[in-house]
Amino acid sequence: MKRILVTGGAGFIGSHLCERLLDQGHEVLCVDNFYTGARRNVAHLLQNPNFELMRHDVTFPLFVEVDEIYNLACPASPIHYQYDPVQTTKTSVHGAINMLGLAKRRRAKIFQASTSEVYGDPTVHPQPEEYWGNVNPIGFRSCYDEGKRCAETLFFDYRRQHGLRIKVARIFNTYGPRMHPNDGRVVSNFIVQALKGEPITLYGEGTQTRSFCYVDDLVEGFLRLMATGDDVTGPINLGNPGEFTIRALAEKVVALTGSRSAIEYRPLPQDDPQQRQPNIEKAKAVLDWSPTVALDEGLTKTIAYFDGLLRADAA
């Protein structure tokens, strides 16, 4: 049994990670400031004697005794991270410094949840880990993109300077139950709009592509990366290489929900990437990992979650 800290643990991905770690028999300290995370995401874990929930903002130091750290704390959707861009950068950079400092003191292994946004609007497709990216450093998305890039820099400098055991994963579009219903991401947007019978909003022509990974597959990748030897640091892409246009996703959601929602086109936001698809050859070779949940299966489970959430809110 290990005592494992998960920052952002009450968030969409963090709550699923906490579940898996508890299932493995570990003690889990879940830390969240509830900016985008929700207590309901981990409410079912509160009775587990190996689970502890703490309200804390990672931009402030944390002094706890742990063996491993998963650093997931940061708003990850444009609506949330652009609401307070300075705080978003602080969460990525100060949060990384504080968690790396904790790892240094405890000699703990530490995992950084990075993002495919470090590639910006890519000129290389699909994106391998060796690609340095095409990021606007002063745009509306920069608080998140550059914050995560800086966090990666800090992780590798702490490894070189202090010998820390680090793991860095670059997460591509992930979906599943417990997504925030108002996070502005395409999967949650489309499902909520379809269930409510509202127009499905597509930005641009809907020809931009994304690759969608179900949350259970992603968490499995996290665990496999964390279990590797100290010589494996990453960064490693984790995502589903299946590529879909945003319009195709909208049509699929409408079909699976049985909705009569029409599609409504709106202008494309600034710096919105035209393509996003992971090259996961490294994850296959190093982690023996690749996604197993098909998009229709994952969407069906996600639709059921949002349908229950909307019904509960309406009751």
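Q: Helices (H or I, at least four residues) and strands (E, at least two) are DSSP runs, numbered from the N terminus. With elements named in that way, where does P235 lie?
A: The model is a predicted one. In it, P235 sits in the loop between α6 and β11 (236-238). The peptide bond joining G234 and P235 is cis, with omega about 0°.

Q: Which other peptide bond, from H125 to P126, is cis or trans?
A: The bond from H125 to P126 is cis, its omega being near -10°. P126 belongs to the loop between β5 (109-115) and α4 (142-162). Most peptide bonds are trans.

Q: Which residues make the contact of α1 and α6?
A: From α1 come F12, I13, H16, L17, R20 and L21, and from α6 come V215, D216, L218, V219, E220, F222 and L223. These residues divide into nine nonpolar, one polar and three charged.

Q: How do you know that C18 is in no disulfide?
A: A disulfide needs two cysteine sulfur atoms within 2.5 Å. The nearest cysteine sulfur to that of C18 belongs to C30 and is 4.3 Å away, so C18 is in no disulfide. For C213, the nearest cysteine sulfur is that of C18, 18 Å away, and C213 is in no disulfide either. The structure holds zero disulfides.

Q: Why is C18 called buried?
A: Buried means under 20% relative accessible area. C18 has a relative accessible area of 0%, so C18 is buried. C213 is also buried, with a relative accessible area of 0%.

Q: What is phi of F34, and is the value positive or negative?
A: Phi of F34 is near 65°, a positive value in a residue other than glycine. Most residues other than glycine have a negative phi. F34 lies in the loop between β2 (27-32) and β3 (51-55). Its relative accessibility is 16%, under the 20% limit, so F34 counts as buried.

Q: Why is R107 called partly exposed?
A: Partly exposed is the range between buried, under 20%, and exposed, over 50%. R107 has a relative accessible area of 46%, so R107 is partly exposed. R107 is in the loop between α3 (85-106) and β5, and its phi is near 55°, a positive value.

How values were computed
Residues are numbered from 1 along each chain as its sequence is written. This is a predicted model: local features need pLDDT of at least 70, side-chain atom pairs count only at pLDDT 80 or more; totals for chains, interfaces and linings use all residues. Side-chain values use heavy atoms; hydrogens and water are left out. Contact means heavy atoms within 4.5 Å. Ala, Val, Leu, Ile, Met, Phe, Trp, Tyr, Cys and Pro count as nonpolar, Asp, Glu, Lys and Arg as charged, and the others, Gly among them, as polar. Buried means under 20% relative accessible area, exposed over 50%, partly exposed in between (1.4 Å probe, protein chains only).
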